[in-house]
Amino acid sequence: SVSGPLGAAQATGLVDLGGGNFSAIFPAFTENGIYHFTVSPNLVDTEGFQLDQNVNGIPGEPDDAYNFTLILDTIPPRITHHEPEGDVAGTVSSMDVWFSEEIDTNTINTACVTIRNPTNATVAVTGVAQVGLNRWRISFPGQTATGTYQVSISTNVTDLAGNPLSTLSSQPSTFNIVPVNLQLSDVTVSTNQLTAGDAVTMSWTGRNATGAPLLGSWTDAVYLSVSNRWNIQAVQLASVLHTNGLALNEVYTNTVTVFIPGALPGNYY
């Protein structure tokens, strides 16, 4: 007997395959879901003994029934979400993809993924790894060029039942790298009289005015220059590394103490 999503059913036939093997025939099951099969403990061998499935020496008990479960699944898996998506800023080196159900790990690898950059050139896929429940991470060399990137996954990827990825989900997942716009303001120096060898404190405020969250890291640097614009002759006094990105319009502040290098007398920026 079997119980499934539409109720119970009995075997309609039994075929002796020989060697103690039998094939039970049931009406066709087409409803997706879980089916529980039971072989009655009243089954007897040629010597008249009933099933003793729990091997306690007492055949024919209710616990001696043989039970197993099958899952009928004809629904293709699909991609439900991906990150990053939409506009992003900075460096992107991976995309996380969520599937609607568990994926057969033997069917998903770097060969199943194609990435194209804004010029339609192929970006090498360096890794595909499961990082959570039905969540997979696609890794590639860090990309910074602005424009739209397309990530496609082959329909050769299947779920545990062998259903191939939905053709709708095989359409490219995209993200758009936008130009970074970090704006600096409120630059202050502890004194405007600079002497070689002196320690001077500097502070400033920055803001992400990109129009999108900033991913990755960046570096702010302090220079001493005879010009109000940076040039190759400017002397770097300090640098500050920032990590973990910056939200849209998020503001940050920095303070550093630098030592003034030897330089000719005059006006400096």
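I begin with the surface: the protein exposes about 16,200 Å², and carbon and sulfur atoms supply 52% of that area. Please bear in mind that this is a predicted model. As for burial, 30% of the 269 residues of the protein count as buried. The charges comprise 6 positive and 21 negative ones, and their mean positions lie 26 Å apart.

Turning to the fold, the protein has 21 strands and zero helices. Its radius of gyration is 33 Å, well over the 18 Å that the globule rule gives for 269 residues, so the protein is more spread out than a compact globule. Along the principal axes, the C-alpha atoms fill a box of roughly 110 × 45 × 30 Å. Among contacts between residues at least 6 apart in sequence, 61% join residues at least 24 apart.

Now to the interior. In soluble globular proteins, nonpolar side chains tend to be buried together. Here the largest nonpolar core has 24 residues, and those with the most contacts inside it include Phe99, Val113, Ile138 and Phe175. At least two residues of this core come from each of strands S9 (92-99), S10 (113-116), S13 (135-143), S14 (147-153) and S15 (173-178). S9 provides the largest share, four residues.

Which residues does Ile138 touch, leaving aside those up to four places away in sequence? Among them are Met95, Val97, Val113, Ile115, Val125, Val151 and Ile153. Apart from this core lies another, of 18 residues, including Val178, Met202, Trp204 and Ala238.

Note on methods: Residues numbered from 1 in each chain as written. Predicted model: local features only at pLDDT ≥ 70, side-chain atom pairs only at ≥ 80, totals over all residues. Heavy atoms only, no water. Rg over C-alpha atoms; globule rule 2.2 N^0.38 Å. Buried < 20%, exposed > 50% of the residue type's maximum accessible area, 1.4 Å probe, protein only. Contact = heavy atoms within 4.5 Å. Areas by Shrake-Rupley, 256 points an atom, 1.4 Å probe, with all protein chains shown as cover. Lys, Arg positive; Asp, Glu negative; His and termini not counted. Charge placed at Lys NZ, Arg CZ, Asp CG, Glu CD. Core = buried A, V, L, I, M, F, W, Y, C linked by side-chain atoms within 4.5 Å.
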